[in-house]
Amino acid sequence: TIPSVLSARKIVYKQLEAAFFPPLVYSFANCIVQIPLMAVELIIYCTLVYWMAGLAPEVWRFFVFLGVMLMAEVANTAYFQLLGIVCEVDSEAQGIASFSILVMSSMSGYMIPFPRMKAYLYPVFYLSPMSYAYRILALNEFKSSSYGGLGDDYLVANGFPTDPMSEVVSGAYLIGFTAAMVLLFAAGLRYLRWPETHAAAPKPALPSPNARTSGVHAGPSTLERRHTTHVAVAVAFRGVTYKVDLPKEKGRYGLTLLDN
């Protein structure tokens, strides 16, 4: 995602300057255009993982799992696209993306449960879209009847709310996070303009016309011939007629292709 945004950035800037489309339209389209491919990938991935891992054997819970995974991937993709705009070079964007994903996944409540988390890490937990996605997945799994009454005990022990509205709130946050990334992406397109990262190589100096090699005057060099000014010439023809014979009547020119 980040390399594609960086490679297309120069072209998009020119199109925006020419008023081809508003920045918000491009930002929104660039986000949703990837959803069909994401859906296909996740259908294959989630079908294998969900049923092979022996998760809750209820079909509707599987579709909740699939939908949450799709929302989380769209949110992360929108975040990566934003990094492709606010960062000048690919190495900078990739470094920030790798570090931030590591932090957000570590503070999502999976590796470090919320009750064991330090207070200064709470902002990362509450801002990370992964923590809300993981919360929905945990509630979707442990609210299943296959766990009996032990599911609620696990949720409470790991700091998850057990009320159903928490799933709705978490899903709304994922949608809001994606919308915020799309809006920031559009703002970056409108107000940020990065210069070229590589300056053009200086042109080699042309040899002096008075230069001599081994006592012989040097003729026009390759560089001199290459930089010769060319004048465009338009060529027109008059009185040209071109006919072909018909396939069934050889020797008879019945089809005129050109008559000038």
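**Figure 1. The largest nonpolar core of the predicted model has 17 residues**. A nonpolar core is a set of buried Ala, Val, Leu, Ile, Met, Phe, Trp, Tyr and Cys residues joined through side-chain atoms within 4.5 Å. Buried means under 20% relative accessible area, exposed over 50% and partly exposed in between, with a 1.4 Å probe and protein chains only. Ile2, Cys31, Tyr79, Phe177 and Met181 have the most contacts inside this core. Two or more residues each come from helix 1 (2-17), helix 4 (59-86), helix 5 (90-106) and helix 9 (165-191). Helix 4 gives the largest share, 6 residues. Apart from this core lies another, of 13 residues, which includes Cys46, Phe65, Ala133 and Leu174. The model is a predicted one, in which local features need pLDDT of at least 70 and side-chain atom pairs count only at pLDDT 80 or more, while totals for chains, interfaces and linings use all residues. Residues are numbered from 1 along each chain as its sequence is written, and side-chain values use heavy atoms, with hydrogens and water left out.

**Figure 2. The whole protein has 10 helices and 4 strands**. Helices (H or I, at least four residues) and strands (E, at least two) are DSSP runs, numbered from the N terminus. Their order from the N terminus on is α-α-α-α-α-α-α-α-α-β-β-α-β-β. Of the 260 residues in the protein, 31% are buried. Among contacts (heavy atoms within 4.5 Å) with a separation of 6 or more, 60% join residues 24 or more positions apart.

**Figure 3. Close-up of Met181 and its contacts**. Leaving aside neighbours within four places in sequence, Met181 touches Ala78, Tyr79 and Leu82.

**Figure 4. Ser27 is a buried residue**. Ser27 belongs to helix 2 (residues 23-32), and its relative accessible area is 1%. Neighbours within four places in sequence aside, Ser27 is in contact with Val182, Phe185 and Ala186.

**Figure 5. Gln81 is a buried residue of helix 4**. The relative accessible area of Gln81 is 2%. With neighbours within four places in sequence left aside, Gln81 is in contact with Thr1, Val5, Asn30, Cys31, Gln34 and Phe185.

**Figure 6. Helix 1 packs against helix 5**. Two packed helices are described by the angle between their axes and the distance between the axes. Axes are lines fitted to C-alpha atoms, for helices over the stretch in contact, and angles run from 0 to 180 degrees between N-to-C directions. The axes of helix 1 and helix 5 come within 10 Å and cross at roughly 150°, so helix 1 is roughly antiparallel to helix 5. Angles under 35 degrees count as roughly parallel, over 145 as roughly antiparallel, 65 to 115 as roughly perpendicular and the rest as oblique. Ile2, Pro3 and Leu6 of helix 1 meet Asp90, Ala93, Gln94 and Ala97 of helix 5. By class, these residues are 5 nonpolar, 1 polar and 1 charged; Ala, Val, Leu, Ile, Met, Phe, Trp, Tyr, Cys and Pro count as nonpolar, Asp, Glu, Lys and Arg as charged, and the others, Gly among them, as polar.

**Figure 7. Helix 7 packs against helix 8**. Helix 7 (residues 129-142) and helix 8 (residues 150-157) have axes 9 Å apart, at an angle of about 155°. Helix 7 is therefore roughly antiparallel to helix 8. Helix 7 contributes Tyr134, Ala138, Leu139 and Phe142 to the contact, and helix 8 contributes Gly151, Asp152, Tyr154 and Leu155.
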